Amino acid sequence: MQPERITTDSPLTLAERIRRLGLTLGFADVRFGPPDTEQHRHNFEQWLDQDYHGDMTWLENNQDKRFDAATLQPGTRTVISVRMNYLPEHTDDEQVLTSPELAYISRYTLGRDYHKVLRKRLTQFAKAISDLAAQDNYRPFVDSAPLLERQLAEQSGLGWIGKNSLLLAPGQGSWFFLGELCTDLELPFDEPLNKGHCGSCSQCMVDCPTNAFIAPGVLDARRCISYLTIEYDGVIDETLRPLMGNRIYGCDDCQLVCPHNRKAPNTTEDDFKPRHELQRVSLLTLFSWDEKTFLSRTEGSAIRRIGFEKWQRNLAIALGNGPVTDQAIDSLQSNLGRCSSMVDEHIHWALRNFKARSASPSDR
C-alpha cells in the first residue's frame with residue numbers, strides 16, 4: 001500500500017501530514033505523545049509484587065527501560081502511537097462459544113501474525129516520515145519491548161484503559177492492535193482524554209469466566225484464560241479447567257460483552273482474515289492434527305508460538321468440557337502417549353470428567 005502523496009505547498013502542519021500518512025497506510029488512528037510513563041511505575045510494581053503476572057518473569061526485567069521509551073531508542077522525543085483494527089466479519093463469536101464441540105480461538109489470531117503485519121507497516125510509515133521530514137531516527141515496536149504500550153497510547157489520546165485493562169477508543173471499542181514508532185522529531189502531543197467512558201458498567205468483570213479481575217483495570221493473569229492457554233507452560237489447575245469451556249487459545253469474553261464494542265468496525269486488512277476455517281472448527285478436527293500438521297497450518301500465525309504440546313493440552317481440556325461421545329472418548333484415548341506426560345495428565349482428566357458425567361443423559 002502506497003501512502004498518499006502530500007505536496008510541499010500543502011497547508012497541513014508536519015504533525016498533520018504525518019497523521020495523514022499513517023491513515024493512508026491503513027492505521028485507524030495516529031496520535032503523538034511523550035515517551036515518559038514514569039507516573040505508572042507505582043501501580044505496575046504493585047501488580048508485580050502481588051504476583052499477578054504469574055510466570056511471565058520477563059515483566060520483572062528492564063525496569064529502567066520500561067518507563068521511558070528514550071532508553072530503548074536514544075534521542076526519542078515523541079512516541080507515535082497507532083492502532084489497527086483486526087476483527088474479521090462473520091465470525092459468529094457467540095455461537096461458537098455456546099457450541100461446546102467447536103473450538104474458540106481468540107479473534108486476534110485467526111489470520112496472519114500481527115507482529116509481522118504491524119512491524120512491516122510501521123517500517124513503511126517510518127520511511128514515509130523520513131522522506132517527508134528528512135530525518136531517519138525511528139524505531140518501531142509491536143508488543144516486542146519493555147514498553148507500557150497501553151499507557152503510552154492512553155496518554156497520547158488514543159483511548160482510555162478500561163476496567164478490563166484493555167485500551168478502548170471512543171466510538172471504536174477495543175478490537176485493535178497497538179504499535180509505536182519512536183522518533184526524535186519534536187511533534188506536538190495530542191491531549192489525553194479527560195476521563196474514561198466505562199462509567200458504572202462492570203460487565204467485563206462480571207462475565208469473566210474465571211473471575212480474573214481483582215479490581216477495575218487489575219487483572220490476575222494466573223486466572224486469565226489468555227495467560228493459561230498461551231503463556232503458561234505447565235499443568236493447569238483442575239479447578240480452572242471446567243471454567244475454560246471450549247477456549248483453546250486466548251479469550252475474548254471481556255470484549256464480547258463490552259457495550260463499546262457493539263459498533264466496533266471490522267478490519268479491512270486481508271492479513272487478518274481467518275485462515276483454515278479457524279473461526280469455526282471442531283475440537284476433534286484440531287485434536288487429530290499431528291505436530292507436522294500443526295506447524296503447517298499455523299505457519300505465519302501467532303498460534304504457532306505456543307507449540308504443539310500446549311496446543312494439545314488446551315484441546316484436551318476443551319474436549320473434556322464438551323459432549324460425552326464415543327468419538328471424543330476414542331480421540332482422547334488414542335492421543336495418550338502421543339505428545340508428553342503433561343498432555344497425558346490433561347487427557348486423563350478429560351476422560352475422568354467424561355466418566356463422572358456419563359450417567360447424565362443430557363451429556364450424551
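A residue is called buried when its relative accessible area is under 20%, exposed when that value is over 50%, and partly exposed in between. In this predicted model, Glu-345 has a relative accessible area of 26% and is therefore partly exposed, whereas Arg-241, with a relative accessible area of 1%, is buried. These residues form a salt bridge in which the closest N and O atoms are 3.0 Å apart. The pair links distant parts of the chain, since Glu-345 belongs to helix H14 (residues 341–357) and Arg-241 to the loop between helix H8 (225–231) and strand S10 (247–249), 104 residues apart.

The side chain of Arg-41 meets that of Glu-38 at 2.5 Å, N to O, and that of Glu-45 at 3.4 Å, N to O. Arg-41 and Glu-45 both lie in helix H2 (residues 41–49), four residues apart, or about one turn of the helix. Glu-38, at 37%, Arg-41, at 22%, and Glu-45, at 32%, each count as partly exposed by relative accessible area.

Across the whole structure, a search finds 15 salt bridges. The chain contains 14 helices and 11 strands, and 53% of its 364 residues count as buried. Its radius of gyration of 22 Å agrees with the value near 21 Å that a compact globule of 364 residues would have. Among contacts between residues at least 6 apart in sequence, 74% join residues at least 24 apart.

Definitions and conventions:
Residues numbered from 1 in each chain as written. Predicted model: local features only at pLDDT ≥ 70, side-chain atom pairs only at ≥ 80, totals over all residues. Heavy atoms only, no water. Helix = DSSP H or I, 4+ residues; strand = E, 2+ residues; numbered from the N terminus. Rg over C-alpha atoms; globule rule 2.2 N^0.38 Å. Buried < 20%, exposed > 50% of the residue type's maximum accessible area, 1.4 Å probe, protein only. Contact = heavy atoms within 4.5 Å. Salt bridge = Lys/Arg side-chain N within 4 Å of Asp/Glu carboxyl O.
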